[in-house]
Each structure stands twice: as C-alpha cells, then as structure tokens.
Amino acid sequence: MALKVELKPGERIIIGESVITNDNQRTRLFIEGDAPILREKDILTPETADTPAKRVYLAVQLMYLSTDLERVKESYFTLVNDIVKAAPSTIPYVTRISNSIISGSFYKALKEARKLIEYEGTLISHVQTGSAGVSENQSGGTGIAAGTGSDSADESRSPASADQG
C-alpha cells in the first residue's frame, strides 16, 4: 500500500537521498518503496538541534537517512550517555529509542526521540517554574505524547505503513 503525502505550497520532503520541494500549489504524492521519507516539519538541522534531546533526535534522523549507520551510531551513544547522566528519568525514553534502532526500526526510533524532546521540554519547564519534579506517570513516557507514534512491527527504513500527517 502506498504512503499518501500531501504537500503544502513550497513544502519540502526528503525521499531517500533527495530533497523534493513542492511548487506553488498543494500536491498529493503516493509513494511506494523502501526509501526513508521525512516531511519538512520532522526534519532537524544541526542549527535547530539546540538541546540534548534534539541532538539525540538529529543523530537518529541521520541514521534513518544514512546508508552508513556506523558513522552516526558512535555519536548517538555518546549523546544518550550524556543525557541519561544529566537526567536519569530519561532512561525509559532512551531505552525505547535504542531498542528501535537495534531492531532496525529507525522511523519508530524517530517517533520515540520526538517523545524525548517533549519530555525534555517538560523537565525544563519544571526547572524554570521551580517545581520539585515531574510526576511519576510522566517520567515513564506514558503521559507525554499519548496517541502519537505507531507500534507497527514493520517500520525499518520506510514509514509507508505509518501515517505521517
């Protein structure tokens, strides 16, 4: 079954190693195959990866898009070690991301990394407001991004089975 993607005027999408930019009208694409696909809204750049969790997401994104995974894996594991040392409550998030990577489900790992970014935002807001901590039901990742993500067993390099919005 093909993945249906609707692009807004001027919106970009990465398919495989190519960046496709839509013209000045809405466009609907039906994509079949195993190439990695990322919509513009899901793409982070080194400039926009300005927090530890966003840098983890960027590393996962690079693994998802890259054909040379080993080059990125070392950076990823350094980043996750640093974030876990700084905030041990991120362990459940990092575990889910790492398990997805190990099983080759890179798109699922990206979705889990997005949840880590959301959780990091919660931690930062608690620090800024002077709260004692995050409630227990949030630290496990169950309350942060309910309804997001897919548990499809076949999400290795292509998100064709997942709804990308």
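pLDDT is the predictor's confidence in each residue, from 0 to 100. The structure shown is a predicted model, and these legends take its confidence, fold and packing in turn.

**Figure 1. Confidence along the protein chain of the predicted model.** The mean pLDDT of the chain is 82, with 79% of the residues reaching 70 or more. Helix 3 has the highest confidence, at a mean of 96, whereas the lowest is found in helix 5 (residues 136-139), at 48. Over residues 139-165 the pLDDT stays under 50. For that stretch the model has 73 contacts beyond four places in sequence.

**Figure 2. Overall arrangement of the protein chain, with five helices and five strands.** Read from the N terminus, the order of elements is β-β-β-β-β-α-α-α-α-α. The chain comprises 165 residues, of which 40% count as buried. Among contacts between residues at least 6 apart in sequence, 58% join residues at least 24 apart.

**Figure 3. Pairing of strand 2 with strand 3 and with strand 5.** Strand 3 (residues 18-21) runs antiparallel to strand 2, and four bridges join the two. Within this pairing, Ile14 has Val19 as its bridge partner, and Ile13 stands opposite Ile20.

Figure 4. Leaving aside residues up to four places away in sequence, Glu40 touches Gly10, Glu11 and Arg12. Ile20, 20 residues from Glu40 along the chain, has its C-alpha atom 9.9 Å from that of Glu40.

**Figure 5. Helix 1 (residues 52-65) and the elements that cover its buried residues.** The 14 residues of helix 1 reach 20 Å from the first C-alpha to the last, close to the 20 Å expected at 1.5 Å a residue. Because 10 of these 14 residues are buried, helix 1 is largely enclosed by the rest of the structure. The buried residues are Ala53, Val56, Tyr57, Leu58, Ala59, Val60, Gln61, Met63, Tyr64 and Leu65. Their cover includes strand 2 (12-15) and strand 5 (37-39). Helix 2 (69-86), helix 3 (91-102) and helix 4 (106-129) are also among the covering elements.

**Figure 6. The aromatic pair of Tyr64 and Tyr107, one of three aromatic pairs found in the whole structure.** The ring centres of Tyr64 and Tyr107 lie 5.8 Å apart and their planes are at 50 degrees, so the pair is tilted. Since Tyr64 belongs to helix 1 and Tyr107 to helix 4, the pair ties together parts that are 43 residues apart in sequence. Both Tyr64 and Tyr107 are buried.

**Figure 7. The aromatic pair of Tyr93 and Tyr119.** The rings of Tyr93 and Tyr119 have planes at 20 degrees and centres 4.6 Å apart, so this pair is stacked. Tyr93 is part of helix 3 and Tyr119 part of helix 4, so the pair ties together parts that are 26 residues apart in sequence. Tyr93 is buried, as is Tyr119.

**Figure 8. Arginine side chains over the faces of tyrosine rings.** Arg96 lies over the face of Tyr93, at 5.0 Å from the ring centre. Tyr93 is also the residue whose ring pairs with that of Tyr119. Arg114 lies over the face of Tyr57, at 4.6 Å from the ring centre. Tyr57 is one of the buried residues of helix 1.

Technical notes:
Residues numbered from 1 in each chain as written. Predicted model: local features only at pLDDT ≥ 70, side-chain atom pairs only at ≥ 80, totals over all residues. Heavy atoms only, no water. Expected span 1.5 Å × (residues − 1). Buried < 20%, exposed > 50% of the residue type's maximum accessible area, 1.4 Å probe, protein only. Contact = heavy atoms within 4.5 Å. Phe/Tyr/Trp six-rings, centres within 6.5 Å; stacked < 30°, edge-to-face > 60°. Lys NZ or Arg CZ within 6 Å of the ring centre and 35° of its normal. Pairing = 2+ DSSP bridges.
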